[in-house]
Amino acid sequence: MFIKDDNMKPFDSKVWLSSPTMHGEELKYMTEAFETNWMFTVGANINEVEHMAAEKVGCKYAVALSSGTASLHLAMKLAGERLYGQTDLGKGALAGHRVIAV
């Protein structure tokens with residue numbers, strides 16, 4: 001439901017949650033990814049970031065995902081498998097279990 005309010009007006013200026021800037025090394029890597037058609041969560045740069053992250057925290061592997069939401073989904077899946085074991089293909093790891101997130 002949408003309520004029209006004639007007193008509402010657009011903001012005079014935007015409030016950025018994070019400034020959309022791209023410069024220096026970031027721009028170089030984005031341009032390289034674009035020019036080599038690797039605008040995805042795979043490729044040489046992603047492999048290197050995963051390797052560096054794993055090395056930094058002292059584990060064997062790290063996985064770069066496309067979003068924070070994807071990261072939360074993977075975390076829930078892995079937590080479910082740790083608690084309840086692996087499920088049948090196509091079933092969620094937490095199927096039939098209650099999940100409380102705070």
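Lys28 is partly exposed, with a relative accessible area of 45%; by the cut-offs used here, buried means under 20% relative accessible area, exposed over 50%, and partly exposed in between (1.4 Å probe, protein chains only). The side chain of Lys28 meets that of Glu25 in a salt bridge (3.7 Å, N to O). This is a predicted model, in which local features need pLDDT of at least 70 and side-chain atom pairs count only at pLDDT 80 or more, while totals for chains, interfaces and linings use all residues. Residues are numbered from 1 along each chain as its sequence is written, and side-chain values use heavy atoms, with hydrogens and water left out.

**Helices**

- Helices (H or I, at least four residues) and strands (E, at least two) are DSSP runs, numbered from the N terminus.
- The expected span of a helix is 1.5 Å times one less than its number of residues.
- H1 has 12 residues and reaches 17 Å from its first C-alpha to its last, close to the 16 Å expected.
- Just after H1 comes Asn37, with a positive phi of about 60°.
- Helix H2 covers residues 44-57, and its 14 residues reach 20 Å between the first and last C-alpha, close to the expected 20 Å.
- Gly58 follows H2 and has a positive phi, near 80°.
- Helix H3 takes in residues 68-84; its 17 residues should span 24 Å, and its end C-alpha atoms are 24 Å apart, which agrees.
- After H3 you will find Gly85, again with a positive phi, near 85°.

**Salt bridges**

- A search of the whole structure finds 2 salt bridges, each defined as a side-chain nitrogen of Lys or Arg within 4 Å of a carboxyl oxygen of Asp or Glu.
- Side chains of opposite charge can pair when their charged atoms come close.
- Glu25 and Lys28 both lie in helix H1, 3 residues apart, which is about one turn of the helix.
- Glu25 is partly exposed, with a relative accessible area of 45%.
- Lys77 and Glu81 also meet through their side chains in a salt bridge (3.1 Å, N to O).
- These two residues, Lys77 and Glu81, are 4 residues apart in helix H3, and so are separated by about one helical turn.
- An α-helix has 3.6 residues a turn, so residues three or four places apart point the same way.
- Lys77 counts as partly exposed because its relative accessibility is 38%, and Glu81 counts as partly exposed at 22%.

**Surface patch**

- Met22, Leu27, Met30, Phe34 and Met39 make a nonpolar surface patch of about 520 Å².
- Patches are made of residues with over 30% relative accessible area and no salt bridge; like charges are joined within 9 Å, and nonpolar side chains (Val, Leu, Ile, Met, Phe, Trp, Tyr) within 5 Å.
- Accessible areas come from the Shrake-Rupley method with a 1.4 Å probe, and for residues only the protein chains shown count as cover.
- Met22 sits in the segment before helix H1 (24-35) and counts as partly exposed at 44% relative accessibility.

**Largest pocket**

- The largest pocket has a volume of about 280 Å³.
- Its lining has 15 residues, of which Tyr29, Ala33, Trp38, Asn45 and Ile46 lie nearest the centre of the pocket.
- H1 and H2 are the elements that give two or more residues to this lining, and H1 gives the most, with 5 residues.
- On a 1 Å grid over the protein atoms alone, a pocket is an open set of points where a 1.4 Å probe fits, with protein on both sides within 12 Å along at least five of seven lines; lining residues have an atom within 4 Å of a point.
- Grid points are joined across faces, edges and corners, and a volume is the space filled by probe spheres set on the points.

**The segment after H3**

- Gln86 is found in the segment after H3 and counts as exposed at 71% relative accessibility.
- Gln86 and Leu17 are 69 residues apart in sequence and 39 Å apart in space, C-alpha to C-alpha.
- Ala95 is also in the segment after H3, and at 46% relative accessibility Ala95 counts as partly exposed.
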